[in-house]
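Please look over the structure below, and then read the grouped points that follow with the model open beside you.

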Amino acid sequence: MRSPRATPSAPPISLHPIHTAIPPPRPAAAGTEMDANSPAEGELEYASGEHPLAAFLAMHGIDPSGDDDEDESEDEEWQPHHHDDRWSCTNCTIPNPDENVQCWKCNEHRDSGILERGFMAVLSEPASEPAGGEESVKSARKEETSSAEILSKNLVFSGTFMSGEKRKTALGFDERMLLHEETGKTHPERPSRLRAIMGGLQASGLLSGGCFSIPAREATQAELELVHTAEHVSAVQSTEENSLTYFTPDTYANKHSALAARLAAGICVDLASAIMTGKAHNGFAVIRPPGHHAEQETVMGFCLHNNAAVAARAAQLAGAKKVLIVDWDVHHGNGTQEIFEQDPTVLYISVHRHEAGKFYPGTGSADKVGSGLGEGFCVNIPWSCSGIGDKDYLLVFEHIVMPIARQFEPDITIISAGFDAARGDPLGGCDVTPDGYAQMTSMLSTLSGGRLLVVLEGGYNLRSISASAAAVMKVLQGSSPRPLPDDLQPSPAGAAAMLEVFMTHGRYWSQLQDATFLKLGALLDTWSKGGERKSPKRRHTGGPVWWKWGRKRLLYDIWLRGQMKHHHPSRFVKLASCKEIQAHECEAQTINDC
């Protein structure tokens with residue numbers, strides 16, 4: 001696979017309607033007003049002839065020309081397209097020839113009911129209408145109830161503590177967040193994301209009985225300035241004066257976006273407060289725009305305000321002394337890390353694709369541990385390639401995330417829940433299933449006395465995000481996922497990432513077990529020498545070899561433990577280079593784009 005290009009840090013916020021990095025729109029003809037919804041054009045024109053999304057494609061290493069046969073299927077995904085004879089897939093936004101009934105990429109039917117029913121919609125069939133002619137159709141539509149109406153009418157916020165079997169999940173959502181949209185474009189961060197999630201929750205019965213809604217409100221200036229500068233807040237607010245604004249090539253705002261961002265942050269504030277004060281057991285913020293890339297004074301990566309960070313500060317105002325933020329979005333949450341980098345009261349743990357800084361946003365290497373008083377309270381777990389799935393995520397949670405979290409003893413846990421590491425996501429390229437997300441949620445629910453807030457971040461395949469969100473909601477409402485398999489073993493890339501984190505954070509967190517560290521080192525040593533994975537004389541068939549030690553490893557263990565006393569990531573380069581690890585990964589798993 002052609003590796004995505006490294007991207008520099010986003011420049012400071014521009015107060016102009018169009019960021020200086022993007023060519024200004026061509027002036028409208030005399031006497032006409034240039035508008036994103038202009039009937040004559042339907043979209044903004046740029047002097048260079050290049051849509052801002054084209055720059056976004058370049059940032060992610062995607063060639064919009066589509067000439068590279070090797071990566072044709074991947075490059076095709078985010079081409080700016082304006083062909084009259086094509087339709088865009090509702091599920092994945094891929095352009096399709098008009099004669100196609102199903103998307104060539106994801107097989108979604110062009111008239112799929114995914115927006116109304118989420119993952120519950122039939123993949124290859126159009127949305128069904130009741131039999132009986134036009135009158136029956138009108139009658140059925142009259143009886144239809146939207147997700148927002150169900151929440152507002154049937155699930156009234158009680159404001160009382162619910163315990164035992166009556167414990168409730170608070171859900172935050174507001175239809176006004178759907179107004180945030182890059183009008184006339186096919187941007188991956190689109191209103192359909194929330195429609196599909198809410199449709200899936202409704203169709204699967206998860207909006208009745210097990211949860212209740214909280215009234216949505218806008219975050220105040222003071223609440224936003226708990227994590228952002230006044231200049232940042234003002235810059236986002238100023239977009240209400242323009243039809244379409246670009247902070248960066250991939251981060252837009254229309255005249256409704258500032259409102260949507262304030263609602264998203266306000267929902268997170270109130271959910272965090274409700275959980276901390278006992279009015280809710282846990283909560284799910286179904287919100288947009290996402291937030292974890294937004295820094296103290298920088299808008300980037302589709303994110304305007306950092307919702308999880310605002311929620312963390314709100315929880316502390318409501319009584320939490322220590323807050324844990326676990327970020328499983330496939331992209332590193334550079335904004336959250338920057339905001340809490342020197343704060344020992346907030347532990348930030350991120351599991352993400354990194355690829356030596358070549359995957360957006362390029363931050364999040366394992367050696368970035370925080371600074372000052374916050375040193376050690378930033379834990380980055382970077383994947384070196386795509387294709388990482390449930391096994392590696394669950395092993396990382398079992399052996400790194402949970403031991404560190406238990407030692408930290410948070411008063412509330414916040415999940416930056418991006419679902420773009422899910423199988424089928426066009427930007428993430430990983431392989432986590434809904435069951436994997438359920439398992440991770442279940443583990444985290446054992447912390448903080450069950451005080452858990454899930455905050456939606458990324459995720460751009462509608463079927464994947466709606467199924468994953470439903471799996472998480474089931475756990476929040478008390479369902480238990482299937483037990484973890486006993487024979488979980490990591491991929492070479494997963495083992496290398498875990499080992500790197502052990503080597504970096506062993507000095508800060510005593511709950512990281514030396515035994516696991518030693519086993520990972522031995523495993524990678526074996527692989528790097530072309531042993532366990534490549535040997536035709538492999539004898540171990542009853543589970544992972546490295547969990548079944550014999551006395552023959554004793555001398556090696558003693559030697560490796562001695563190396564740990566003076567360990568540094570560079571000392572383990574001899575065990576397995578990144579290229580060797582990824583080569584074995586490709587050999588062990590058929591990952592086409594590793």
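In this predicted model, Gln439 touches Leu394, Pro481, Arg482, Pro483 and Leu484, leaving aside residues up to four places away in sequence. The points below begin with the setting of this residue, and then turn to a strand and to salt bridges.

**The setting of Gln439**
- Gln439 belongs to helix H13, which covers residues 434-444.
- With a relative accessible area of 7%, Gln439 counts as buried, because buried residues are those under 20%.

- Together with helix H11 (residues 334-340), the strands E8 and E9 make a right-handed β-α-β unit.
- E9 is also joined by 6 bridges to strand E10 (residues 378-383), and these two strands run parallel; the bridge partner of His352 in E10 is Pro382.

**Salt bridges**
- The count of salt bridges in the model comes to 13.
- Asp174 forms a salt bridge with Arg176, and the closest N and O atoms of this pair are 2.9 Å apart.
- Asp174 is buried, with a relative accessible area of 13%, whereas Arg176 is partly exposed, at 34%.
- Glu189 and Arg288 meet through their side chains in a salt bridge of 2.9 Å, taken from N to O.
- This pair links distant parts of the chain, since Glu189 lies in the loop between strand E3 (169-172) and helix H6 (192-203), and Arg288 lies in the loop between strand E7 (282-285) and helix H10 (307-317), 99 residues apart.
- Both Glu189 and Arg288 are buried.
- Arg217 and Glu223 meet through their side chains in a salt bridge of 2.8 Å, N to O.
- Arg217 is partly exposed, with a relative accessible area of 28%, while Glu223, at 17% relative accessibility, counts as buried because that value is under 20%.
- Salt bridges that share partners also join Glu189, Arg193 and Arg288 into one network.

Definitions and conventions: Residues are numbered from 1 along each chain as its sequence is written. This is a predicted model: local features need pLDDT of at least 70, side-chain atom pairs count only at pLDDT 80 or more; totals for chains, interfaces and linings use all residues. Side-chain values use heavy atoms; hydrogens and water are left out. Helices (H or I, at least four residues) and strands (E, at least two) are DSSP runs, numbered from the N terminus. Buried means under 20% relative accessible area, exposed over 50%, partly exposed in between (1.4 Å probe, protein chains only). Contact means heavy atoms within 4.5 Å. A salt bridge is a side-chain nitrogen of Lys or Arg within 4 Å of a carboxyl oxygen of Asp or Glu. A crossover is right-handed if, with the strands pointing away from the viewer, the path from the first strand over the helix to the second runs clockwise. Two strands pair if DSSP finds at least two bridges between them.
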